[in-house]
Amino acid sequence: MNRPPVLLHALLAAALATAAATAQACTSIVVTRGASRDGSVMVTYSADAPFMPRLLRIAGGTHAPGTMVDVRGWEDNEDRGKIPQAERTYTVVGLVNEHQLSLGETTTGGRPELRNKKGQLDYDALMVLVLQRAKTAREAITLVDSLCREYGFGSSGETFSIADKNEAWIMELIGKGPDVKGIVWVAAKVPDGCITAHANLSRITTFPLNDPDNWLYSPDVVTFAIEKGYFKTDSGKPFNYRDAYHPSQSASVRRACAGRVWSIYRRSAPSQNFSDAYYRGAENVEDYPLFIKPDQQLGVHDVMGLMRDHFEGTPYDMTKGPDAGPYCSPMRLRDLAFKVDGKDYMWERPISTQQSGFVIVNQSRNNLPDAVGGLTWFTPDEASTSCFTPFYCSIDALPAPYTTGTYDKFSWESAWWVTNLVSNLTYDRWSRVYPDVQKAQADQEAALLKMQPVIEETAAKLAAADPALAQSFLTNYSVSTAEAVFRRWQDLAQTILTRNVDGYTKDANGHPKAAGYSEEWLRHVVESRPDQFKLPETKKPVETDH
């Protein structure tokens, strides 16, 4: 059958044909109920690839036997053929479904010889199918395995965040080689009261083989590694998933990936004083724990803040130093690695990065009806210069600005383009412009978070009496709120342009003041070229007696 119009208009689109090759750059955090302030299970996902996304909504329903469905993800919108449709599918908004099942991911790569490029399911199409067909995290894990065995997995190694309203899991998977269907995988339940994070680097190492309440794995995860020569049984060491399937732990890989995990952990549990040694590439040092207990329970706002990190407050603060330019910008242009005089160097790779297509913070809560408890806080573009807005999992419509736009043409009617415009007006003049962006962001999100319990209390009462009315109420709230955020960001872009022009910044009265440069940056300029800018010293006239 043809793909439903709602899917045609709401799938996340791609603009670059090379997106699939460059998508190995995402960050995901998982927060359990006991680690969150309000009992939420939270999953974050920063989709860091050069594609222009639109917010996803796929309507669920029942389907007649023999119905086929197109296999499509959001990254490149490529048609990967058809598969039989499930008899019953669930509505998906963003990456959370109507039963509060929530997903995130990061690409980990792993052994390239294990990729089956003919596999019908790339990671994004797989995630969409799972959200349409599973109710719980454990169902999702089983479904990931069965779908890959039936249709083949086409991506390289992946780490999935998988959560429902009661528990959260982290699942690592990789293919079995060219033309071979199926995956080898392991999944760990995140202990209640803990958090975990992954950022393009495999996180699971050794694990128990006899704890099905907390650890699940494919039956051949060990024997396949033995068969391929990835694990030697006579080594005297226990089986290690990462060593077998993701052996590269080079200094550059750690610098680009482990630093993000380190920064999440050091901010969430400062009392544990996590060392930066592994992140900085030191030899013979331990990786960061798979799970940690935060010093204090995390609220939604705290988690949003983690997704805005540029290593502020550390020796690697990207808003400091000459590399930040005259206005303290955390943006570093790609490529991350570079050479100077034959020596290798690398920029820091932060959680919040300019190439983000979208960022989400999903909440799932067992103390609320599913229609109310599941929501995605969504923003197009990157988190540090944008504003999260809530979309509940039960809504039946999306705001036009969040489903509009193409990568190759700017539009004032597209939320992605407007948000991206604010970002790009901020990057090069960070210290001058970012305070205005932060204020707009803080004001808007504080108001939304303050309204959240009021909205949800009302919606829960409506859901008990009239589910259709509750859906309408939450749809109207989600759409109107997103439209208000969009208009605020339109105004913010114009304000930035008007207030900061030709090297001047206007004060509260509209009077232009020269922005100038900091003494620190001027000192760097003078030290790098001491003679070019120096004025000749003026000799004082010699006084003589008359």
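Let me begin with Trp169, which is buried, with a relative accessible area of 0%, where buried means under 20%, exposed over 50% and partly exposed in between, with a 1.4 Å probe and protein chains only. This is a predicted model, in which local features need pLDDT of at least 70, side-chain atom pairs count only at pLDDT 80 or more, and totals for chains, interfaces and linings use all residues. Residues are numbered from 1 along each chain as its sequence is written, and side-chain values use heavy atoms, with hydrogens and water left out.

Trp169 belongs to strand β12, residues 168-175; helices (H or I, at least four residues) and strands (E, at least two) are DSSP runs, numbered from the N terminus. Its side chain is joined to that of Glu167 by a polar contact of 3.0 Å. By polar contact I mean a pair of N or O atoms within 3.5 Å, where within protein one must be able to donate a hydrogen and the other to accept it, and residues adjacent in sequence count only if both atoms are side-chain atoms. From Trp169 to Lys540 there are 371 residues in sequence and 76 Å in space, C-alpha to C-alpha.

Now to the sheet, which is open and has six strands in the order β14-β1-β2-β18-β19-β20, with antiparallel pairing; two strands pair if DSSP finds at least two bridges between them. At the edges are β14 (195-198) and β20 (389-392), each of which pairs on one side only. Strand β1, residues 26-31, pairs with β14 over four bridges in the antiparallel sense, and there Val31 stands opposite Ile195 of β14. Lying across β1 and β14 is helix α7 (residues 251-268), which runs at about 155 degrees to β14; axes here are lines fitted to C-alpha atoms, for helices over the stretch in contact, and angles run from 0 to 180 degrees between N-to-C directions.

Thr32 counts as buried, at 3% relative accessibility. A polar atom of the Thr32 side chain lies 2.9 Å from the backbone nitrogen of Gly193, and one lies 2.8 Å from the backbone oxygen of Cys194.

Turning to the helices, the axes of α11 (residues 430-465) and α12 (residues 467-499) come within 10 Å and cross at roughly 175 degrees. That makes α11 roughly antiparallel to α12, since angles under 35 degrees count as roughly parallel, over 145 as roughly antiparallel, 65 to 115 as roughly perpendicular and the rest as oblique. Helix α10, residues 415-427, packs with α11 at an angle of about 145 degrees, the axes being 7 Å apart. In that contact, Val422, Leu425, Thr426 and Tyr427 of α10 meet Trp430, Val433, Tyr434 and Val437 of α11.

Finally, some backbone details. Asn273, in the loop between α7 and α8, has phi near 50 degrees, a positive value in a residue other than glycine, and at 66% relative accessibility Asn273 counts as exposed. Asn284 is also placed in the loop between α7 and α8; its phi is near 55 degrees, and Asn284 is exposed, with a relative accessible area of 81%. A cis peptide bond, with omega about 10 degrees, joins Arg334 and Asp335.

Terms used
Contact means heavy atoms within 4.5 Å.
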